[in-house]
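Visitor: I would like to learn how to read the features of a structure like this one. Where should we start?

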Amino acid sequence: AIQLLQNIKQLEKMNAEVSNYIKNIDYVLTVGGVSMVKYNVSTHILTIYSEINHEKYALTQTRLASFISEESKKKALRILNKMDGMTGDTIQEDLKTVIHKKSGVPLHLQFHFFPSYENGKIKEYFGMCRDISDIKALEEKLAQETLRAQEEEIVKNTFLHNKSHEIRTPLTSVVGFAELFEMEHTPEEETVFIDEIKHSSAALLKLINDILFLSRLDAGMITINHKPIDFAKSIDLRCKDAWASHQVEGVDYIIKNPYKKLVIEIDEPNVAMVLDKIVTNAAQNTKKGQVLVRYDYIGDELLVSVEDTGKGIPEAAIKHIFERFVTGANTGAGLG
């Protein structure tokens, strides 16, 4: 009798351990994104369980195929063929479905199947199905970031190669004309030398300033400092300075200034840089007609528009204009 009682207690202890084990599995299934699955070789039905002995879905092969995305259908068919062919191997595969989670991420499932035997023959395949959507989304994001980094590296290398040549050209011009001063020359030639040195120095300084500004942008060192400024006066001066060395005879350069004075709080140096780039670009590419700059202050927004009758941007290039280092004629830093 004592032995029997001890055996009963032992059985109760084992039962409790088994119950806890089942509860732990149920927790993993419901909370951990893992479900138990079974594939019956005779009926060709895949059963997915929410808990042990609680069927959630019973899917035929046709129904299962309707949930699988096109890019994973071949893999799904390969799994089903292996199980229908009663292979004794363990089967593992990741499949993408057409279902999206609440977060908008496509649902990816990882299947593990093990053969289950009866009388020496495979009766069914038993295993687990795991939600790996977040892992796949992270992998895809990492792949995209890696690709973008590789593309940026190529673009940067190309940019540095082009700019080294572009910097060398005006620098060579400055050095060359400076050396001509040491040789015999007339006063008229001296004037030409000085003009060429000034022109090349200005082009070199502009290019270097743009490259330095790009470096500051990359380093996150650009700060916005709002200060009161008379924009009516500022835009007039900025446009005239930008047009000074690019004016073409026969082209009208117009500033429509609706205010005699407009004091607003903006970061004038950074706004001026934007204006300079757009206004200069319009002037450089307009050989006839007009370049028109106008603005208005509505509510809390300063609206500036620059219109020109120049050649415009080729349609094929429009989608690239906001990419880094892109320039129309492969000159400059692409800061515009």
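**Reading the helices and the surface**

Guide: We can start with what covers a helix: the buried residues of α5 are covered by elements that include α4 (133-180) and α7 (268-284). Bear in mind that this is a predicted model.

Visitor: Which residues of α5 are buried?

Guide: The general idea comes first. An α-helix has 3.6 residues a turn, so residues three or four places apart point the same way. In α5, the buried residues are Phe193, Ile197, Ser200, Leu204, Leu207, Asp210, Phe213 and Leu214.

Visitor: What span should helix α5 have, and what do its end C-alpha atoms show?

Guide: A helix is expected to span 1.5 Å times one less than its number of residues. Helix α5 has 32 residues (187-218), so it should span 46 Å; its end C-alpha atoms are 47 Å apart, which agrees. Just after α5, glycine 220 has a positive phi of about 65°.

Visitor: Is serine 234 buried or exposed?

Guide: The cut-off for buried is under 20% relative accessible area. Serine 234 has 9%, so it is buried. Its place is in helix α6 (residues 231-243).

Visitor: What is serine 234 in contact with, leaving aside its neighbours within four places in sequence?

Guide: With those neighbours left out, serine 234 is in contact with Ile229 and Glu268. The side chains of serine 234 and glutamate 268 are joined by a polar contact of 2.7 Å.

Visitor: Which residues form a nonpolar patch on the surface?

Guide: Ile313, Ile318, Ile321 and Phe322 form such a patch, and together they have about 450 Å² of accessible area. Isoleucine 321 lies in the segment after α8 (315-318). With a relative accessible area of 36%, isoleucine 321 is partly exposed.

Visitor: And the protein as a whole?

Guide: There are 8 helices and 11 strands. Of the 336 residues, 26% are buried. The protein exposes about 23100 Å², of which carbon and sulfur atoms supply 56%. Among contacts with a separation of 6 or more, 57% are between residues 24 or more positions apart.

Technical notes. Residues numbered from 1 in each chain as written. Predicted model: local features only at pLDDT ≥ 70, side-chain atom pairs only at ≥ 80, totals over all residues. Heavy atoms only, no water. Helix = DSSP H or I, 4+ residues; strand = E, 2+ residues; numbered from the N terminus. Buried < 20%, exposed > 50% of the residue type's maximum accessible area, 1.4 Å probe, protein only. Contact = heavy atoms within 4.5 Å. Areas by Shrake-Rupley, 256 points an atom, 1.4 Å probe, with all protein chains shown as cover. Patch = residues over 30% accessible without salt bridge, like charges linked within 9 Å, V, L, I, M, F, W, Y side chains within 5 Å. Salt bridge = Lys/Arg side-chain N within 4 Å of Asp/Glu carboxyl O. Polar contact = N/O pair within 3.5 Å; in protein donor to acceptor, adjacent residues only side chain to side chain.
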